[in-house]
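Hello,

Here is the structure I promised to pass on to you. Please open it beside this email, and then read my notes on what turned up.

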2 protein chains.
Amino acid sequence: MARTAGSHSGITGPKVRQAALELFAKHGYAAVSMRQIASEVGVQAGALYNYTPDKQSLLFDLMQSHMTELMAALPDNTADDPLQTLEHFVRFHMSFHHDRPEAVFIAYMELRNLNEQNFAMIEEMRRAYEDRLQGILIAGQANGVWDVKDAKIATFAVIAMLTGVNTWFRSAGRLSLAEVQDQYWEMVRKAVGAD
Amino acid sequence: MARTAGSHSGITGPKVRQAALELFAKHGYAAVSMRQIASEVGVQAGALYNYTPDKQSLLFDLMQSHMTELMAALPDNTADDPLQTLEHFVRFHMSFHHDRPEAVFIAYMELRNLNEQNFAMIEEMRRAYEDRLQGILIAGQANGVWDVKDAKIATFAVIAMLTGVNTWFRSAGRLSLAEVQDQYWEMVRKAVGAD
DNA sequence: CTGTTATCTGAACACATGTTCAGAACCAAG
DNA sequence: CTTGGTTCTGAACATGTGTTCAGATAACAG
């Protein structure tokens with residue numbers, strides 16, 4: 001019969017993930033204890049093990065969810081012309097990352113705390129994401145829309161530049177996200193040599 | 001029992017720093033124990049306290065040394081024209097960071113493990129470094145050498161882009177550092193709108 | 001109400017943590 | 001060889017670690 005028994009699985013589960021997300025982002029995976037997470041949730045440490053087999057899986061699940069969401073949200077790019085596609089990518093990357101600073105932070109900082117298998121899986125998803133940008137850059141190069149010497153290098157450069165925004169941008173600052181997006185898009189457009 | 005040494009302050013001291021540098025860079029500050037560092041040095045944990053008052057100071061010293069070296073090595077830029085100054089900055093940043101990947105990694109990843117005072121000091125040094133680039137960008141803007149909408153944003157963008165190289169560049173790869181420097185310089189030059 | 005079952009507590013386990021310190025081991029000078 | 005000072009060991013301290021599990025607790029079905 002329909003599950004529904006005694007309690008708060010539907011509430012506690014998400015709370016555990018949320019607490020882990022915030023604490024890992026703030027203090028780092030290694031510096032956060034299961035007891036701290038439990039305390040944030042309002043529960044004893046043992047109860048966490050109803051929701052994750054171990055601490056490592058908790059980290060991995062957060063990172064995997066993030067990367068899966070990222071890939072799913074990434075706009076398709078078979079239709080438009082390369083310049084528009086690149087612009088969409090730039091704006092998408094910035095707004096998606098802006099909306100989930102903790103997950104982004106963890107995805108970049110905690111790679112070394114994944115075990116070998118988990119690391120390989122996340123790394124492959126990251127590569128798939130980078131490949132999407134690289135594909136766009138190659139397409140525009142083939143069409144003569146812009147001029148990049150090495151698509152791989154340009155890919156790294158653009159992603160690093162865009163992701164870096166998360167380290168300083170605050171919604172309460174002097175610029176809105178839209179303004180920052182405009183300026184970054186202009187820099188990217190110029191950097192690849194598009195008019 | 002068999003002890004190893006007698007008066008090795010001049011040897012053990014640097015060894016402690018080196019071991020801490022490597023281990024912190026590889027596993028993260030919080031994930032590394034004093035006993036691991038000691039073992040790398042070939043000594044018992046207690047002996048480390050002849051060289052550092054505590055673990056926190058060990059981290060801070062590494063970061064402070066790195067930032068001090070960075071500022072000291074940064075070429076002066078009062079003489080040249082802005083375009084050349086910017087090019088020097090770009091090439092300098094890339095080669096300096098390339099030469100000390102562990103220190104760079106630590107300087108970016110372990111900020112949150114500094115206590116409040118230490119964090120403030122490192123953060124100020126970082127700001128001073130960024131200000132140097134910002135100064136260059138403003139000077140070139142004033143001279144009409146290039147066109148950047150917002151010098152602060154351009155500063156962040158350029159630094160993020162350049163520092164990102166450390167995450168993927170390997171000397172054994174298909175490109176030399178010089179080639180990568182050339183390409184990044186071209187992208188930066190175009191991004192700021194210089195001919 | 002009773003019976004069932006998912007959820008949680010609280011204690012325990014075995015081991016790791018940063019740090020301290022008395023005393024041993026060592027080196028160099030006299 | 002003796003003395004003096006530096007460097008290191010080995011054990012200890014108090015606390016924290018991830019994880020397990022028997023049993024208490026709560027929510028539902030009948």
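This is a predicted model: local features need pLDDT of at least 70, side-chain atom pairs count only at pLDDT 80 or more; totals for chains, interfaces and linings use all residues.

One term before we start: a polar contact is a pair of N or O atoms within 3.5 Å; within protein, one must be able to donate a hydrogen and the other to accept it, and residues adjacent in sequence count only if both atoms are side-chain atoms. With that in hand, look at B:Glu186, whose side chain makes such a contact of 2.7 Å with the side chain of A:Lys149. B:Glu186 sits in helix H9 (residues 177-191) of chain B. Helices (H or I, at least four residues) and strands (E, at least two) are DSSP runs, numbered from the N terminus. B:Glu186 counts as buried, at 16% relative accessibility. Here buried means under 20% relative accessible area, exposed means over 50%, and partly exposed is in between (1.4 Å probe, protein chains only).

Residues are numbered from 1 along each chain as its sequence is written, chains are lettered from A and ligands numbered from 1 in the order in which they are written, and side-chain values use heavy atoms, with hydrogens and water left out.

Now for chain A as a whole. It has eight helices and zero strands. The C-alpha trace of chain A spans about 60 × 40 × 35 Å along its principal axes. Chain A has 195 residues, and 48% of them count as buried. Among its contacts (heavy atoms within 4.5 Å) with a separation of 6 or more, 68% are between residues 24 or more positions apart. As for charge, chain A carries 18 positive and 23 negative side chains, and the centres of the two sets lie 6 Å apart. In that count Lys and Arg are positive and Asp and Glu negative, with His and the chain ends left out; the place of a charge is NZ of Lys, CZ of Arg, CG of Asp or CD of Glu.

Next, please find helix H7 (residues 151-163) of chain A. Its 13 residues reach 18 Å from the first C-alpha to the last, close to the 18 Å expected at 1.5 Å a residue. That expected span is 1.5 Å times one less than the number of residues. Why is H7(A) largely enclosed by the rest of the structure? Because twelve of its 13 residues are buried. Among them are A:Ile153, A:Phe156 and A:Met161. At the start of H7(A), a side-chain oxygen of A:Asp150 comes to within 3.0 Å of the backbone nitrogen of A:Lys152.

Two residues let you see what surrounds this helix. A:Thr155, in helix H7 of chain A, is buried with a relative accessible area of 1%. Leaving out residues up to four places away in sequence, A:Thr155 touches A:Glu130, A:Leu133, A:Gln134 and A:Leu137. A:His93 lies in helix H4 (residues 82-99) of chain A and is buried too, with a relative accessible area of 1%. Which side chain does A:His93 join through a polar contact of 2.9 Å? The partner is A:Thr163. Beyond four places in sequence, A:His93 is also in contact with residues including A:Tyr129 and A:Ile159.

For a place where the two chains meet, go to A:Ala191. This residue lies in helix H8 (residues 177-191) of chain A and is buried, with a relative accessible area of 9%. A:Ala191 touches B:Met187, B:Lys190 and B:Ala191. Within its own chain, A:Ala191 is 33 residues from A:Val158 in sequence and 8.9 Å from it in space, C-alpha to C-alpha.

Finally, chain B. The 27 residues of helix H6 (residues 116-142) should span 39 Å at 1.5 Å a residue, and its end C-alpha atoms are 37 Å apart, which agrees. Buried residues of H6(B) include B:Tyr129, B:Leu133 and B:Leu137. Their cover includes helix H3 (55-73), helix H4 (82-99), H5 and helix H7 (151-163) of chain B. Just after H6(B), B:Gly144 takes a positive phi of about 70°. In helix H5 (residues 101-109) of chain B you will find B:Glu102, which is partly exposed at a relative accessible area of 30%. B:Glu102 touches B:Leu21 and B:Ala25, again not counting residues up to four places away in sequence.

Enjoy exploring!
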